[in-house]
Amino acid sequence: MASAVFFLDLKGKPLLSRNYRGDIPMSAVEKFPILLMEAEEESWAVPPCFSHEGINYLYITHKNLYLLALTKNNSNASQILLFLHQVVKVLTEYFKELEEESIRDNFVIIYELLDELMDFGFPQTTDTKILKEYITQQFHILDLGPRKPSLPPAAVTNAVSWRSEGLKYRKNEAFLDVVESINLLISHTGQVLRSEVLGSVQMKCFLSGMPELRLGLNDKVLFDHQSNTGAPIRSAGGTTGKSIEMEDVKFHQCVRLSRFENDRTISFIPPDGEFELMSYRLNTTVKPLIWVDCKVNTYSDTRIEIIVKARAQFKKKSTANNVEIRIPVPEDADSPKFESTAGKVKWEPENSCIVWTLKQLGGGRDFSVRAELGLPAVKDLEAEMSRAKRPIKVKFNIPYYTTSGIQVRYLKITEPKLQYPSFPWVRYITNSGEDYTIRMS
Amino acid sequence: MSMSQQIERRIRKAFQTPKKGETFELRNGLVSQYARERKDAIQRTIQAMTVGKDVSALFPDILKNIATPDIEQKKLVYLYLMNYAKSHPELCILAVNTFVQDASDPNPLVRALAIRTMGCIRVDKMVDYMEIPLRLTLKDENPYVRKTAAICVTKLFDLNPQLCIEEGFLESLQTLIEDSNPMVVANAVSALAEIQDRAPEIKCFVVDPHILSKLLVALNECTEWGRIAILTSLSDYKASDIKDAEHICERVVPQLQHANPSVVLAAIKAVIAHVEIQNSEAKANLLRKLGPPLVTLVSSAPEVQYVALRNIRIILQKYPQILNRELRVFFCKYNDPPYLKMEKLEIMVRIANEKNIDQLLSELKEYSMEVDLDFVRRAIRAIGQCAIKIESAVEKCVNVLMDLIYNKVNYVLQEVVIVMKDVLRKYKTFESCLPVLCQNIDELDESEARAALVWIVGEYADKIDNSGEILQGFVSIFNEEATQVQLQLITAVVKLYIKKPEAGQNMIQGVLQTGTKSDNADVRDRGYIYWRLLSSDTVIAKDIVLAEKPPIVSTIEDLPKSLLNELIGELSTLASVYHRPAATFMGHGKFGADAVQKRAIEEQKQLANEDEVGAGVNAENLLDVDFSVDSPTVDSPASNPVTASKGGSALDELNDLFAPVQIPKITGNASSNQDIMNMFKNTAPTSSVSHNLSSTKDAFAELNFDNSFSSHANSGVPSKSSKTNEDLLGLF
């Protein structure tokens with residue numbers, strides 16, 4: 001449990017704080033920037049938690065802020081750090097952006113939220129949708145006379161803590177997005193070192209009352225009963241025709257986990273609006289959907305030639321949109337010249353890279369770019385080193401396509417009391433994850 | 001800015017007569033006849049408080065605004081009260097009435113707010129008034145109020161355990177475990193677990209089969225945070241038999257699929273706690289189920305991931321097979337924060353085996369060509385660790401290491417030499433590497449690398465043609481070398497002398513002579529030992545010096561068995577992140593839990609003192625409360641820091657034994673304390689002020705020593721510190 005939570009600016013100056021337990025001196029925060037600096041001097045790898053004079057400092061960074069929790073006990077570290085992330089999430093959902101400025105502007109409501117999010121160091125309600133029902137933004141709008149006091153929504157403490165009762169929509173709709181993000185690491189020789197598909201089923205619900213939902217996935221994705229014994233969930237088929245190992249499915253707290261464990265049924269009462277219903281991970285080696293090959297030639301140390309080829313390795317009927325390939329170049333390079341068979345190329349000297357963008361890349365097509373940059377006469381060894389180590393990064397998205405072959409068969413919606421007709425919609429998309437990279441030689 | 005300067009500035013500020021300026025304006029606003037202006041002034045006061053301005057002088061005026069139907073205004077006033085209650089303990093009593101009233105307000109939000117805030121006003125006098133509202137709210141019809149009251153019991157226990165026990169609040173809390181509402185159950189569990197942790201002797205939270213079934217039911221229904229609390233108490237529960245353990249695991253396993261990584265980690269902990277008792281088949285089954293969730297933890301937020309990785313290391317030592325197939329997951333991403341990269345390397349060498357070594361080696365080779373120095377060195381060390389761990393892969397590892405040498409990067413070279421020392425110690429078949437290693441002696445400037453090379457030359461003296469020459473080079477600058485190099489050098493020369501007497505002859509005398517004259521006792525001792533050994537019997541000397549060394553099994557650092565067993569039960573806590581038993585960082589004596597709390601109280605007290613000075617100026621505002629306390633003003637201020645430092649120094653040695661805690665600063669604090677005290681001496685002669693002063697102090701004194709109840713946690717140490725307490729008490 002956290003004793004106190006602080007918002008600090010980049011210099012470590014407290015912007016706002018909440019003392020939950022009163023069992024540590026609040027002045028301990030003054031030591032934080034000093035300790036952090038000392039740790040940085042001592043080691044390259046400063047961990048997100050450390051202990052000093054009996055006080056433990058746990059922190060995360062967000063934009064230009066530190067969020068810091070202090071505790072003097074042997075507390076649950078993952079819970080505290082996760083709670084700090086949750087605070088960021090809630091406040092971001094309240095103010096759009098969480099940074100120094102928005103903290104100064106909204107201190108009243110932040111205090112109010114902090115009071116509700118945690119009590120005496122125990123995290124309480126961290127669901128923004130529910131919080132918004134009784135901690136409202138219109139605080140600064142002052143009106144004369146007493147306002148109607150708000151009541152705590154029953155949902156705060158209900159077993160269904162993520163949905164309020166009595167919601168009404170004229171048209172009852174539910175949207176499902178199946179999003180698969182690909183993380184890939186390719187060596188400079190073209191070998192796939194690591195590949196990972198992170199799948200996520202995102203939902204947007206606009207449904208009245210307390211609907212019961214049941215999600216059915218295609219037969220190919222067999223949530224094998226074997227997984228009871230810990231074996232990976234196998235799905236036959238998929239676009240590649242090979243069987244795909246689906247590992248470790250995770251569900252939103254609304255899904256009845258014990259029901260899933262027993263008969264593999266995904267049943268739940270959804271929260272209102274947008275949320276992530278489930279996520280999963282595939283751990284098979286996937287063929288890189290977009291293949292990038294890069295050759296660098298240095299001519300007598302005065303200019304550098306980079307030839308990049310990109311190939312779409314998926315079926316012709318699909319198309320990748322907004323393809324962006326970032327190729328690192330030496331920091332001290334100048335006067336770039338480009339030739340490309342498609343798309344736009346530009347030089348970003350501030351990031352020391354060239355960016356090649358293709359609005360669309362059809363399946364099976366390939367394009368290339370030839371770039372030439374000048375190098376200064378004086379050779380900077382260090383700049384050369386750092387260029388060599390930065391990887392090529394690729395971004396893209398491919399609509400109507402999933403790597404795993406997962407398909408939604410049905411989404412049954414029943415509201416026992418209201419019995420309205422409802423409309424489920426499903427979309428599929430595959431995109432590059434945060435880490436789709438190709439190492440340079 | 002030094003502490004004392006800061007304090008001085010604050011005090012100066014308090015002395016200014018607030019006839020104009022912000023405080024004056026705020027006060028006017030707070031007593032305005034218009035509700036809107038009052039609310040606005042409250043907001044601005046809170047804002048000033050947020051940016052660190054001291055607005056405690058407005059306490060009485062804020063207090064006047066407490067009785068309001070506007071719940072948002074009420075929240076702000078309560079927030080202010082919580083912050084400054086310590087500096088105006090006697091004024092807090094004036095708020096009691098409102099609190100008690102609010103605790104039976106028709107609006108459950110207000111009831112909950114009142115009971116929540118009351119518990120946070122950590123003033124002793126408040127405790128007496130908490131009883132009735134707390135009793136009421138614990139039985140409230142609204143679950144939101146009940147769940148808040150449940151936590152308030154912990155707050156009360158923290159302030160006054162005796163009262164809490166005598167009034168039967170713990171029993172009320174226990175009945176809440178059977179509450180119909182899962183959130184109430186979760187908070188009751190959290191509250192009880194904490195009290196149990198602080199005072200195990202009262203046994204307020206003993207999970208029996210009945211409570212167990214309640215917990216298992218609530219587990220499926222409550223929020224993510226509640227689940228963590230319940231899962232944690234499940235892992236502390238000792239299963240009575242195999243069936244019991246099986247049942248718990250059955251109910252816990254579905255939680256591995258929860259989206260919240262902290263819930264997953266808590267579930268893993270609970271499963272591990274109940275896995276040992278089960279038969280081997282069930283155990284293997286359960287452990288296999290832990291693999292995928294552990295892997296998924298590696299894709300959570302970096303800080304959470306760090307906790308997970310540190311925990312995975314513990315789990316891996318206990319169950320080495322658990323992540324056998326998952327090497328790739330731990331490959332470092334380019335953007336990973338450094339602390340994750342280092343941790344991932346640690347895990348990769350631990351799951352390295354004959355099957356995945358090729359993959360790992362090509363990855364490690366990639367890392368060793370990166371730019372971050374620490375990371376590169378760690379990666380090279382990892383290659384060495386693999387070479388020692390996996391005998392069949394040693395040749396590949398050595399090839400990679402030798403390739404790295406050709407890059408001629410200084411720090412790479414040094415690290416390779418250090419790593420090769422271990423390799424050459426375990427495997428005798430890499431003599432071909434020796435010339436390459438010896439070629440680059442001039443490049444080595446770190447003592448660890450130099451020591452490693454000297455060891456290699458000594459050990460392979462007969463295989464290296466110019467071993468005598470090399471060592472001669474080191475010997476000639478013997479006194480400039482670091483101790484570890486000197487130690488190795490003595491040994492190496494002795495080995496050379498025994499293996500190649502003709503080469504070592506002219507050096508041995510000199511080295512032993514210089515060594516035995518060294519200022520360093522270790523170097524001296526080693527010199528003497530060899531000297532005597534060589535002068536007694538050369539055959540025996542040879543047997544001893546060239547004895548077969550026990551082979552190195554692993555250079556991967558393991559946790560000691562006892563620590564491992566402790567940490568496996570501490571998963572996801574700070575102890576499991578630090579890889580240290582909780583007792584070492586919870587602090588002792590000066591930095592112990594109680595002492596830290598005392599410091600917190602001291603800090604408030606200090607604030608109170610400053611305020612009193614300010615309050616003296618606007619004493620007419622202080623309402624007509626009669627503080628008829630007879631005790632005189634604080635008499636010998638200087639002795640306060642003296643006693644404190646006495647108690648501290650006695651414990652310093654203890655502290656040094658444990659965690660690497662630094663002890664400075666405190667002296668600075670003490671002296672600044674003294675400064676304040678001196679200032680009081682000079683500036684607070686009026687009787688009214690001194691009365692106030694002593695009454696506040698009394699309030700603190702009471703509070704202070706109720707805490708000694710919980711001092712059981714640190715054995716031995718508290719007796720000393722509580723003695724200091726008594727000394728202090730005597731002063732008042």
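Author: What follows takes these features in turn.

Author: This is a predicted model, in which local features need pLDDT of at least 70 and side-chain atom pairs count only at pLDDT 80 or more, while totals for chains, interfaces and linings use all residues. Residues are numbered from 1 along each chain as its sequence is written, and chains are lettered from A and ligands numbered from 1 in the order in which they are written.

Reader: How many residues of chain B are in contact with chain A?

Author: Two residues are in contact if their C-beta atoms, placed from the backbone, lie within 7 Å. Here 97 residues of chain B meet 78 residues of chain A.

Reader: What is the secondary structure of chain B, and how much of the chain is buried?

Author: Helices (H or I, at least four residues) and strands (E, at least two) are DSSP runs, numbered from the N terminus; chain B has 38 helices and 0 strands. A residue is buried if 20 or more other C-beta atoms lie within 10 Å of its own, exposed if 12 or fewer, and partly exposed in between, and 48% of the 732 residues of chain B count as buried.

Reader: Which residues have the most contacts inside the largest nonpolar core?

Author: A nonpolar core is a set of buried Ala, Val, Leu, Ile, Met, Phe, Trp, Tyr and Cys residues joined through C-beta atoms within 7 Å. The largest has 240 residues, and A:Leu68, B:Ile383 and B:Val493 have the most contacts inside it.

Reader: Where does strand E19 of chain A pair?

Author: Two strands pair if DSSP finds at least two bridges between them; E19(A) joins E20(A) in the antiparallel sense over 5 bridges.
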